[in-house]
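Subject: Handing over the structure

Hi there,

As promised, I am passing the structure on to you. Have a look at it first, and then read on for my notes.

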Amino acid sequence: MLSKAAFNSMLPMYRVKTLYVSLIAALSPYFGEVGAIRLISLLSTLATGLAIGLWLFREKAFAYGPMAAGALMISGYPDVARLGSPDALFMALFTFGLYALNRKREAVAVLALFLAFMVRSDTIAFLGILAVLFALFRQISLGAFGAFIAAAIAYSFLSNGAGHPGWWTHFWF
(Lines give C-alpha, C1' and ligand atoms only; values in the text may rest on other atoms or scores of the structure.)
Protein backbone atom coordinates (compact mmCIF):
# COMPACT_ATOMS: atom_id res chain seq x y z
CA MET A 1 0.00 0.00 0.00
CA LEU A 2 1.33 3.42 -0.93
CA SER A 3 1.26 6.19 1.60
CA LYS A 4 1.85 9.91 1.38
CA ALA A 5 4.66 9.68 3.94
CA ALA A 6 6.44 6.96 1.93
CA PHE A 7 6.10 9.03 -1.25
CA ASN A 8 7.38 12.17 0.46
CA SER A 9 10.37 10.27 1.85
CA MET A 10 11.47 9.46 -1.72
CA LEU A 11 11.27 13.04 -3.07
CA PRO A 12 14.83 14.00 -2.02
CA MET A 13 16.09 11.21 -4.28
CA TYR A 14 14.75 13.14 -7.28
CA ARG A 15 16.79 16.26 -6.52
CA VAL A 16 19.76 14.78 -8.37
CA LYS A 17 17.69 13.61 -11.34
CA THR A 18 17.73 17.11 -12.75
CA LEU A 19 17.07 16.37 -16.41
CA TYR A 20 14.04 14.20 -15.63
CA VAL A 21 12.55 16.72 -13.22
CA SER A 22 13.26 19.59 -15.63
CA LEU A 23 11.51 17.78 -18.48
CA ILE A 24 8.47 17.15 -16.29
CA ALA A 25 8.42 20.81 -15.27
CA ALA A 26 8.71 21.95 -18.90
CA LEU A 27 5.98 19.63 -20.18
CA SER A 28 3.51 19.82 -17.30
CA PRO A 29 1.92 23.15 -18.31
CA TYR A 30 0.82 21.41 -21.53
CA PHE A 31 0.11 17.86 -20.35
CA GLY A 32 -0.14 18.05 -16.55
CA GLU A 33 2.39 16.32 -14.30
CA VAL A 34 1.09 12.79 -14.82
CA GLY A 35 0.65 13.35 -18.56
CA ALA A 36 4.21 14.69 -18.81
CA ILE A 37 5.58 11.63 -17.00
CA ARG A 38 3.61 9.32 -19.29
CA LEU A 39 4.77 11.20 -22.40
CA ILE A 40 8.41 11.01 -21.29
CA SER A 41 8.06 7.28 -20.66
CA LEU A 42 6.35 6.71 -24.01
CA LEU A 43 8.89 8.69 -26.03
CA SER A 44 11.78 7.13 -24.10
CA THR A 45 10.50 3.63 -24.75
CA LEU A 46 10.10 4.39 -28.45
CA ALA A 47 13.61 5.89 -28.54
CA THR A 48 15.09 2.81 -26.85
CA GLY A 49 13.39 0.55 -29.38
CA LEU A 50 14.58 2.77 -32.22
CA ALA A 51 18.17 2.75 -30.92
CA ILE A 52 18.24 -1.02 -30.53
CA GLY A 53 16.57 -1.56 -33.90
CA LEU A 54 18.94 0.85 -35.63
CA TRP A 55 21.93 -0.78 -33.96
CA LEU A 56 20.82 -4.25 -35.05
CA PHE A 57 20.11 -3.00 -38.57
CA ARG A 58 23.50 -1.29 -38.92
CA GLU A 59 25.29 -4.41 -37.66
CA LYS A 60 23.31 -6.53 -40.16
CA ALA A 61 21.82 -8.41 -37.23
CA PHE A 62 18.20 -7.28 -37.54
CA ALA A 63 17.10 -10.93 -37.44
CA TYR A 64 18.10 -10.87 -33.75
CA GLY A 65 15.38 -8.28 -33.07
CA PRO A 66 12.99 -10.82 -31.49
CA MET A 67 15.79 -12.02 -29.23
CA ALA A 68 16.56 -8.42 -28.21
CA ALA A 69 12.86 -7.86 -27.52
CA GLY A 70 12.78 -11.04 -25.46
CA ALA A 71 15.82 -9.91 -23.47
CA LEU A 72 14.07 -6.62 -22.72
CA MET A 73 10.95 -8.50 -21.60
CA ILE A 74 12.94 -10.81 -19.32
CA SER A 75 14.88 -7.87 -17.85
CA GLY A 76 11.68 -6.23 -16.68
CA TYR A 77 11.88 -3.31 -19.10
CA PRO A 78 8.10 -3.30 -19.75
CA ASP A 79 7.56 -2.47 -16.07
CA VAL A 80 10.15 0.29 -16.26
CA ALA A 81 8.42 1.74 -19.32
CA ARG A 82 5.00 1.54 -17.71
CA LEU A 83 5.86 2.90 -14.25
CA GLY A 84 6.84 6.40 -15.30
CA SER A 85 10.20 6.35 -13.56
CA PRO A 86 13.34 8.09 -14.83
CA ASP A 87 14.72 4.69 -15.78
CA ALA A 88 13.04 4.63 -19.21
CA LEU A 89 14.64 7.96 -20.16
CA PHE A 90 17.96 6.77 -18.76
CA MET A 91 17.74 3.59 -20.84
CA ALA A 92 17.07 5.53 -24.04
CA LEU A 93 19.95 7.94 -23.52
CA PHE A 94 22.40 5.28 -22.34
CA THR A 95 21.54 3.00 -25.26
CA PHE A 96 22.05 5.85 -27.72
CA GLY A 97 25.34 6.65 -25.98
CA LEU A 98 26.58 3.08 -26.31
CA TYR A 99 25.46 2.98 -29.93
CA ALA A 100 27.35 6.24 -30.57
CA LEU A 101 30.46 4.72 -28.98
CA ASN A 102 30.08 1.68 -31.21
CA ARG A 103 29.85 3.93 -34.29
CA LYS A 104 32.85 6.03 -33.12
CA ARG A 105 30.69 9.14 -32.76
CA GLU A 106 32.57 10.40 -29.70
CA ALA A 107 30.86 13.81 -29.35
CA VAL A 108 27.39 12.27 -29.59
CA ALA A 109 28.46 9.61 -27.08
CA VAL A 110 29.65 12.22 -24.57
CA LEU A 111 26.37 14.11 -24.90
CA ALA A 112 24.08 11.07 -24.67
CA LEU A 113 25.99 9.45 -21.80
CA PHE A 114 26.22 12.71 -19.87
CA LEU A 115 22.48 13.30 -20.34
CA ALA A 116 21.89 9.76 -19.05
CA PHE A 117 23.90 10.78 -15.99
CA MET A 118 21.73 13.89 -15.59
CA VAL A 119 18.68 11.61 -15.50
CA ARG A 120 20.20 9.21 -12.96
CA SER A 121 23.32 10.42 -11.21
CA ASP A 122 24.20 6.89 -10.10
CA THR A 123 25.08 6.35 -13.77
CA ILE A 124 28.50 7.66 -12.79
CA ALA A 125 29.31 4.09 -11.71
CA PHE A 126 28.51 2.73 -15.20
CA LEU A 127 30.51 5.53 -16.81
CA GLY A 128 33.48 4.84 -14.56
CA ILE A 129 33.41 1.13 -15.35
CA LEU A 130 33.09 1.90 -19.05
CA ALA A 131 36.12 4.21 -18.94
CA VAL A 132 38.14 1.60 -17.00
CA LEU A 133 37.22 -1.11 -19.51
CA PHE A 134 38.35 1.05 -22.41
CA ALA A 135 41.64 1.69 -20.57
CA LEU A 136 42.12 -2.00 -19.74
CA PHE A 137 41.65 -2.96 -23.37
CA ARG A 138 43.98 -0.14 -24.44
CA GLN A 139 41.29 1.59 -26.42
CA ILE A 140 41.02 5.35 -26.60
CA SER A 141 37.47 6.62 -26.42
CA LEU A 142 37.01 10.31 -25.88
CA GLY A 143 33.29 9.58 -25.60
CA ALA A 144 33.66 7.23 -22.64
CA PHE A 145 36.35 9.24 -20.87
CA GLY A 146 34.71 12.60 -21.63
CA ALA A 147 31.34 11.47 -20.31
CA PHE A 148 32.93 10.13 -17.12
CA ILE A 149 34.96 13.28 -16.50
CA ALA A 150 31.95 15.55 -17.16
CA ALA A 151 29.80 13.40 -14.87
CA ALA A 152 32.44 13.37 -12.12
CA ILE A 153 32.64 17.17 -12.18
CA ALA A 154 28.86 17.57 -12.24
CA TYR A 155 28.37 14.92 -9.55
CA SER A 156 30.08 16.95 -6.86
CA PHE A 157 27.87 19.95 -7.61
CA LEU A 158 24.70 17.87 -7.81
CA SER A 159 25.15 15.81 -4.68
CA ASN A 160 26.42 18.66 -2.51
CA GLY A 161 24.16 21.40 -3.84
CA ALA A 162 20.90 19.45 -3.93
CA GLY A 163 20.93 18.28 -0.33
CA HIS A 164 20.79 14.69 -1.52
CA PRO A 165 20.51 12.28 1.43
CA GLY A 166 23.14 9.92 0.01
CA TRP A 167 22.93 6.51 -1.58
CA TRP A 168 22.82 4.43 1.60
CA THR A 169 19.17 5.34 2.07
CA HIS A 170 18.38 3.20 -0.98
CA PHE A 171 19.34 0.12 1.02
CA TRP A 172 16.66 0.81 3.60
CA PHE A 173 13.86 0.07 1.12
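Below is what turned up, going from a pocket to a pair of helices and then to the salt bridges.

Please keep in mind that this is a predicted model.

Let me begin with the second largest pocket, which holds about 160 Å³ of space. It has 13 lining residues, and Gly49, Ile52, Ala68, Ala69 and Leu72 are the closest to its centre. Helices α2 (18–58) and α3 (65–75) each supply at least two residues of this lining, and α2 gives the most, with six. By class, the lining has eight nonpolar and five polar residues, and no charged ones.

Helix α2 is also worth a look for how it sits against α6 (residues 106–119). The axes of α2 and α6 come within 5 Å and cross at roughly 80 degrees, which means that α2 is roughly perpendicular to α6. Where they touch, Thr18, Leu19 and Tyr20 in α2 meet Leu115, Met118 and Val119 in α6. Five residues of this contact are nonpolar, one is polar and none is charged.

Now for the charged pairs: how many salt bridges does a search of the whole structure find? There are four. One of them joins Glu59 to Arg103, with 3.6 Å between the closest N and O atoms. This pair links distant parts of the chain, 44 residues apart. Glu59 lies in the loop between α2 and α3, while Arg103 lies in the loop between α5 (87–102) and α6.

Note on methods:
Residues are numbered from 1 along each chain as its sequence is written. This is a predicted model: local features need pLDDT of at least 70, side-chain atom pairs count only at pLDDT 80 or more; totals for chains, interfaces and linings use all residues. Side-chain values use heavy atoms; hydrogens and water are left out. On a 1 Å grid over the protein atoms alone, a cavity is a set of points where a 1.4 Å probe fits but cannot get out, and a pocket is an open set with protein on both sides within 12 Å along at least five of seven lines; lining residues have an atom within 4 Å of a point. Grid points are joined across faces, edges and corners, and a volume is the space filled by probe spheres set on the points. Helices (H or I, at least four residues) and strands (E, at least two) are DSSP runs, numbered from the N terminus. Ala, Val, Leu, Ile, Met, Phe, Trp, Tyr, Cys and Pro count as nonpolar, Asp, Glu, Lys and Arg as charged, and the others, Gly among them, as polar. Axes are lines fitted to C-alpha atoms, for helices over the stretch in contact, and angles run from 0 to 180 degrees between N-to-C directions. Angles under 35 degrees count as roughly parallel, over 145 as roughly antiparallel, 65 to 115 as roughly perpendicular and the rest as oblique. Contact means heavy atoms within 4.5 Å. A salt bridge is a side-chain nitrogen of Lys or Arg within 4 Å of a carboxyl oxygen of Asp or Glu.
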